[in-house]
Amino acid sequence: MSTRKSLLFSFLDRYASLAISIISSMAIARLLTPAEIGVFSVTMVLLMFVASVRDMGAGSYLVQERELTTERIRAVWAVQLGLGLGLALLVVAASYPVALFYKEPRMRDIMLVIALNYAVNPFGSLTYAWLMREMRFDAVALMRFSSALSGALVSTGLAWKGFGPISLAIGSLASTSANALMAVYFRPKSFPWLPGVGEIKRVLAFGSKLSISSILGVMSGGSAELLLGKLQSLTASGLYSRANGLVQMFNRLVTDAVGSVCLPWFSKQSREQGGFIEPFLKATAYVSAVGWFFCTMIICLAHPIVRLLYGTQWDESVNLARLLAIATAFGVPASLCSIALLSLGAVATIARLTIFNVVLTVSLVALGALQGLVAVSFAAIVASAISSGYTLKITAAHLKMPLKDIFLALRKSALVTVLTSAGPLLALGLYGPTPTSIILPIILGGFVGLAGFIAGVVVFKHPLQEELSAVWVKFR
């Protein structure tokens, strides 16, 4: 499958899943209280530490391995299956102490349901990694869509019936189960069902370093919710989680879609051409242009967007969303760096970068959490700016290219953003930061901003012009 077609399927997959997620989130935000959302979000942040090692990077190993043999596939399967069962037992054992620590018995029930996720997950992971390696994004899209739809229907239905925060956990289990069933259907007949340990050392040597980075990354990303849940309240954690979830839609809209194609694409270029500087710069330009458009919309129109998606009970998260959008804007340029380093097999460098970023972020967020929600958000901005600059510097050195090449790629995206911001700023000026109307500011800001985005891409000859031209030719 061509790279352009892969990107098309990847974006269709993400947007379809995101549409399902938005609709279910709109319903759940009105069915569950901030405190109930806080209970689930804190539990899931804790469990993300476990999720970060659920296959010890075995899936990523399979994607980037230059010489994939049957014995190495057996080893990947052995790692995924063993860890899935082991982590399920670990979560069961930890459920009571965690609930006791936070004085919240509902957390124990949530953890027991999620434990089943880890036992089921390996049956989808191996096939998913192989489809990614082969750039079979049509099959990947079908798997992810089925998974997202199943989870959304179950979560929303149970929340409607009054099951509370555990409805989200059961929905997650339904999602994982649907993914596993689809994976069994797409699993190649040549793939062995019997695990093997002959090449397990090779898999773990790669995956252990990557897992350390994943654990530390979770620590960095979830530190705010964990600290707020303990130092402030679960309601504060829920408000932060909702604001952060809105901003993180960018990752689901763009970064995940582009990144899922970039890992096999960069790995293939590295195997066959010995480098991928040009694809990396082009992908970074794509992500930064779209990402800064998204962040501008959130900064200017957070109030009507939060009201539309989540209702009035989440108004306290509006200013948090604006601040977190600024933090995201600083982080956008470095969003593909870890994928580039992973494609080179530079897992040790990823680990060192992650350690630096975690120490920086957790230290600043901990200081902010003592003061409150707004202070945590400002801490996130400072951490994101420093972390992004350092990550770009290290990545440029590994790719053996001048750092200025990245800034040249970002310069055109910045110029496009100047024209893009006209729409959101116009809506902000006409309707104010807390408009009584919900729909009109979003429509005005979105359409005028999109017109400015397209004009900026054409006027400044941004790399996205090539993609827009291809779409126009197909449309004609």
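Helices are taken here as DSSP runs of type H or I with at least four residues, numbered from the N terminus. On this basis S147 is placed in helix α7. The model described here is a predicted one.

The secondary structure of the protein chain consists of 20 helices and zero strands. Of the 476 residues in the chain, 55% are buried. Among contacts in the chain with a separation of 6 or more, 83% are accounted for by residues 24 or more positions apart. The chain exposes about 20,400 Å², and carbon and sulfur atoms supply 68% of that area.

Residue S147 of helix α7 has a relative accessibility of 10% and therefore counts as buried, the limit being under 20%. Leaving aside residues up to four places away in sequence, S147 touches S175, T176, A178 and N179. S147 and M182 are separated by 35 residues in sequence, while their C-alpha atoms are 8.6 Å apart in space. Helix α7 spans residues 137-160 and helix α8 spans residues 166-186, with K161 situated in the loop between them. K161 has a relative accessible area of 65% and is therefore exposed. The C-alpha atoms of K161 and L31 lie 9.4 Å apart, although 130 residues separate the two in sequence.

Helix α4 (residues 70-102) packs against helix α5 (residues 106-120) at an angle of about 170°, and their axes are 8 Å apart. Because angles over 145 degrees count as roughly antiparallel, α4 is assigned as roughly antiparallel to α5. On the α4 side, the contact is made by G84, L85, L87, A88, V91, V92, A94, S95, Y96, V98, A99 and Y102. The residues contributed by α5 are M107, R108, M111, L112, A115, Y118 and A119.

In the second pair, the axes of helix α17 (residues 403-420) and helix α18 come within 5 Å and cross at roughly 30°. This angle makes α17 roughly parallel to α18, since values under 35 degrees fall into that class. The residues of α17 that take part in the contact are V418, L419 and T420, and they meet A422, G423 and P424 in α18.

Helix α18 also contributes to a nonpolar surface patch. The patch, of about 430 Å², is made by L426, L430, Y431, L440 and V448. Two elements give two or more residues each to the patch, namely α18 (422-431) and α19 (439-459). The largest share, three residues, comes from α18.

The loop between α19 and α20 (464-475) contains K461. The phi angle of K461 is near 55°, a positive value in a residue other than glycine. With a relative accessible area of 61%, above the 50% limit, K461 is therefore exposed.

Charge pairing was considered next. Side chains of opposite charge can pair when their charged atoms come close. With a salt bridge taken as a side-chain nitrogen of Lys or Arg within 4 Å of a carboxyl oxygen of Asp or Glu, the count comes to two. In one of these, E104 pairs with R106, and the closest N and O atoms are 2.8 Å apart. E104 has a relative accessibility of 11% and so counts as buried, whereas R106, at 35%, counts as partly exposed. In the other salt bridge, D315 pairs with R307, with the closest N and O atoms 2.8 Å apart. D315 is partly exposed, with a relative accessible area of 27%, and R307 is likewise partly exposed, at 24%.

Technical notes: Residues are numbered from 1 along each chain as its sequence is written. This is a predicted model: local features need pLDDT of at least 70, side-chain atom pairs count only at pLDDT 80 or more; totals for chains, interfaces and linings use all residues. Side-chain values use heavy atoms; hydrogens and water are left out. Patches are made of residues with over 30% relative accessible area and no salt bridge: like charges are joined within 9 Å, nonpolar side chains (Val, Leu, Ile, Met, Phe, Trp, Tyr) within 5 Å. Accessible areas come from the Shrake-Rupley method with a 1.4 Å probe; for residues, only the protein chains shown count as cover. Axes are lines fitted to C-alpha atoms, for helices over the stretch in contact, and angles run from 0 to 180 degrees between N-to-C directions. Angles under 35 degrees count as roughly parallel, over 145 as roughly antiparallel, 65 to 115 as roughly perpendicular and the rest as oblique. Contact means heavy atoms within 4.5 Å. Buried means under 20% relative accessible area, exposed over 50%, partly exposed in between (1.4 Å probe, protein chains only).
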